[in-house]
Amino acid sequence: MGVLLESSVTVFGQRIALAELFGQFFALAVVFLAQRRSMLTWPVQLASVVLLFSVYASAHLGGLAVRQVVVGVIAVYGWWAWARRRDPVFGVAVRRATGRELLVTALAFVAGTAAFASVLDALDASWAPWPDAAIFVGTVLAFALQAWGLVEFWLVWLVVDAIGVPLQLRGGLWFSAIVYTVFAGLVVHGWISWYRSAKRQVPATV
């Protein structure tokens, strides 16, 4: 992994470590695969997790680094959950979240961000604890909702992207900021695809 962190390419005068390049490439691939509800979503996510953990740890962004560990755990669960909910016609069954689920998600985002930001600040584990924490909590929630097949996980990703782009720019991770911007476009397209699919199928119980 050290070799991928030390080796780099230069784009528009900006150095991009190969670990960041490949990690974000796999992250983009995950969005593309998730939109199509492909089972490859999860193994590709695990590859991205390993690479980006090393990138964020070296950039002193503790929240984003720990996020990769949690996402890795959720990816294993999501792989298992999707395998149980495959439909012979529509693929992985998806549905709209209920009002209660949306309320719980919003409360978890606010409370989780406040709590984790306090931890990062106390441990001096991040130079931007609040946005770092918000991205961490939002990512965990997005992947959890994705594993459960809830359409609204795409909307949580939009919030993460809105916070992530300026944070990546401030941290000097220009390539990651560009990737987050591309994410936003893919997320909108993914939300439309899942929304339409949810209207024409009845999901199986997890």
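This is a predicted model: local features need pLDDT of at least 70, side-chain atom pairs count only at pLDDT 80 or more; totals for chains, interfaces and linings use all residues.
Reader: Which residues line the largest pocket?

Author: The lining is made up of Leu102, Thr105, Ala106, Phe109, Leu141, Leu145, Glu152, Leu155, Val156 and Val159. Two or more of the lining residues come from each of helix 5 (99-123), helix 6 (129-147) and helix 7 (153-170). Helix 5 contributes the most, with 4 residues.

Reader: How many residues of that lining are nonpolar, polar and charged?

Author: The lining has 8 nonpolar residues, 1 polar and 1 charged.

Reader: Now helix 2. Is glutamine 24 buried or exposed?

Author: The relative accessible area decides this, and buried means under 20%. Glutamine 24, in helix 2, has a value of 1%, so it is buried.

Reader: Which residues is glutamine 24 in contact with, leaving aside its neighbours within four places in sequence?

Author: With those neighbours set aside, glutamine 24 is in contact with Leu52, Tyr56, Phe175, Ser176, Val179, Tyr180 and Phe183.

Reader: And is phenylalanine 25 buried or exposed?

Author: Exposed means over 50% relative accessible area. Phenylalanine 25 has 53%, so it counts as exposed. This residue is also found in helix 2 (residues 18-35).

Reader: What separates the C-alpha atoms of phenylalanine 25 and serine 48?

Author: Phenylalanine 25 and serine 48 are 23 residues apart along the chain, and their C-alpha atoms are separated by 8.0 Å.

Notes
Residues are numbered from 1 along each chain as its sequence is written. Side-chain values use heavy atoms; hydrogens and water are left out. On a 1 Å grid over the protein atoms alone, a cavity is a set of points where a 1.4 Å probe fits but cannot get out, and a pocket is an open set with protein on both sides within 12 Å along at least five of seven lines; lining residues have an atom within 4 Å of a point. Ala, Val, Leu, Ile, Met, Phe, Trp, Tyr, Cys and Pro count as nonpolar, Asp, Glu, Lys and Arg as charged, and the others, Gly among them, as polar. Buried means under 20% relative accessible area, exposed over 50%, partly exposed in between (1.4 Å probe, protein chains only). Contact means heavy atoms within 4.5 Å.
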